[in-house]
Amino acid sequence: VPVLRNIGRLVTCREPGGQGAVHAIEEGAIAWREGRIVWVGKQKQLPARHDDGQRWDAQGQLVVPGLVDAHTHLCFGGWRADDFVARIQGQTYQQIARRGGGIHSTVRKTRTADTEALYARCRLFLRQMLALGVTTVEAKSGYGLDAQTEARVLAVYAALATRGPQRLVPTYLGAHVVPHEYKGRRASYVALVEQAIALFADEGLARFVDVFIEDGAFTVTEARRLAAAARMAGLGVKLHVDQLSAGGGAELAAEVGAVSADHLEHVSKRAIARLAKAGTVAVSLPIATMYLGTPPLPARALIQAGVPVAVATDFNPGTAPSFHLPLALTLAATLQKMTPAEALKGATLYGARAVGLDGEVGSLEAGKAADFVVLDAPDEDHFVYHFRPSANLLTVIGGVARWRAGGFQENAGAAQ
Ligand SMILES: [Zn+2]
């Protein structure tokens, strides 16, 4: 049984207690067998039966669960620095979309990109995310829109999931925007997405269905129909809601029992109460808030109402061109007024819950996967406060070291 010892502070991020309760252990240790945690506690209480194998040394540092990025648009062609500049010069998201920028320009570039190139690019992104301590990644399609390109993108995700080392959760976001070729025929496009949901579910290519509910994207009525199709196909539902305006999307998320409602910058009080009752996770995306210069979601009101708030990147070429989840944590603190402990729980256990994996990852407790990171910080407050290119020293997935910082040696001098 391998054991990680000499942990200065071990933040388990387990329940109970809600958003701010992270159940930290000073001078902790973790033991695991065949990729799964068998014991977590104070090192001096480590049972002798777990102390017979490989010894790893955390060198007195902070250990937290592997980070979960519960919302990314990982696979896309091209970039959109031109939109970034246009927004700085005062154009709105909708104005940029109307003149051919925005999502449609990424759709053109994704459709013409070859599959190998898309795969190689995602590999590179994931490699860099691994270095930041991100061990589980939700990945949405939605830049192909036509059935053929969406299938190619979901196949890229399936190949990446097989290759590892990160856990990948694929989401079909055909309902991202109505493609140009369906202009004036949106009902036919919604019908096409409905068929694709059944097909991708059959092929095991998607675990969730997502719909972007917004002026210029999809209506609540269309989303309700697609959510029903997802349910019928055995897939979970995630929804992009209330980002640019309050349009009843959060209420729909509660109504259909969505696993998550994402964005929520304009969520109403009434909708917050419904999300709490439904047990839906609110996924906050503070990097998008920062890039758009818009008000953040009301994290305090959500937390007070008992809605778990996840923190994710929204990595995409338009509104959040960064996969830096630790940056999102710092922004969750400064923009959303979440404490570092609350933000960390949002990128671990509640992130895992937002992708339906909270029985498997997201906290450090016996029975869960041995996914954890060693961070160069005395505690979670310091980690979120002292923003750096990376504070990560070691990324472990399923009990296997998958990335380490230069100079860090977890088994230095360890007895076998
Ligand atoms: Zn998004």
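This is a predicted model: local features need pLDDT of at least 70, side-chain atom pairs count only at pLDDT 80 or more; totals for chains, interfaces and linings use all residues.
Reader: Which residue does a cis peptide bond join to Pro-16?

Author: Pro-16 is placed in the loop between β1 (3-11) and β2 (24-33); strands (E, at least two residues) and helices (H or I, at least four) are DSSP runs, numbered from the N terminus. The cis bond has an omega of about 5°, and the residue joined to Pro-16 is Glu-15.

Reader: What is the omega of the peptide bond from Gly-164 to Pro-165?

Author: Pro-165 belongs to the loop between α5 (147-163) and β8 (167-175). The bond from Gly-164 to Pro-165 is cis, with omega near 0°.

Reader: Is Cys-13 buried or exposed?

Author: Cys-13 is found in the loop between β1 and β2 and has a positive phi of about 60° although it is not a glycine. Buried means under 20% relative accessible area, exposed over 50%, and partly exposed in between (1.4 Å probe, protein chains only). Because its relative accessibility is 0%, Cys-13 counts as buried.

Reader: What is the phi of His-23?

Author: His-23 is found in the loop between β1 and β2. With a relative accessible area of 26%, His-23 is partly exposed. Although His-23 is not a glycine, its phi is positive, at about 50°.

Reader: How many salt bridges does the count come to?

Author: A salt bridge is a side-chain nitrogen of Lys or Arg within 4 Å of a carboxyl oxygen of Asp or Glu. One network of salt bridges links Glu-15, Lys-345, Arg-353 and Asp-358. By this rule the count comes to 22.

Reader: How far apart are the closest N and O atoms of Glu-138 and Lys-140?

Author: Glu-138 and Lys-140 are both buried. They form a salt bridge, and their closest N and O atoms are 2.8 Å apart.

Reader: Which residue meets Arg-224 in a salt bridge?

Author: Arg-224 counts as partly exposed, at 36% relative accessibility. The side chains of Arg-224 and Glu-255 meet at 2.8 Å, N to O. The pair links distant parts of the chain, 31 residues apart: Arg-224 is in helix α7 (residues 220-232), and helix α8 (residues 249-255) holds the partner, Glu-255.

Reader: How many residues apart in sequence are the parts that Arg-388 and Asp-376 tie together?

Author: Arg-388 forms a salt bridge with Asp-376, with 3.5 Å between the closest N and O atoms. Arg-388 lies in the loop between α15 (380-385) and β15 (392-397), and Asp-376 in the loop between β14 (372-375) and α15, so the pair ties together parts that are 12 residues apart.

Reader: Is Ile-88 buried or exposed?

Author: Ile-88 is found in helix α1 (residues 81-88). Together with Phe-84 and Val-85, Ile-88 makes a nonpolar surface patch of about 270 Å². At a relative accessible area of 60%, Ile-88 is exposed.

Reader: What is the volume of the largest cavity?

Author: On a 1 Å grid over the protein atoms alone, a cavity is a set of points where a 1.4 Å probe fits but cannot get out, and a pocket is an open set with protein on both sides within 12 Å along at least five of seven lines; lining residues have an atom within 4 Å of a point. A search of the whole structure finds three cavities of 30 Å³ or more. Of the 14 residues that line the largest cavity, the closest to its centre are His-73, Tyr-93, His-176, Asn-316 and Thr-319. The volume of this cavity is about 130 Å³.

Reader: Which element gives the largest share of the lining of the largest pocket?

Author: The largest pocket holds about 510 Å³ of space. It is lined by 21 residues, with Ala-97, His-104, Val-177, Gly-216 and Ala-217 nearest its centre. Two or more lining residues come from each of α2 (93-98) and α3 (103-112). The largest share, four residues, comes from α2.

Key: Residues are numbered from 1 along each chain as its sequence is written. Side-chain values use heavy atoms; hydrogens and water are left out. Patches are made of residues with over 30% relative accessible area and no salt bridge: like charges are joined within 9 Å, nonpolar side chains (Val, Leu, Ile, Met, Phe, Trp, Tyr) within 5 Å. Accessible areas come from the Shrake-Rupley method with a 1.4 Å probe; for residues, only the protein chains shown count as cover. Grid points are joined across faces, edges and corners, and a volume is the space filled by probe spheres set on the points.
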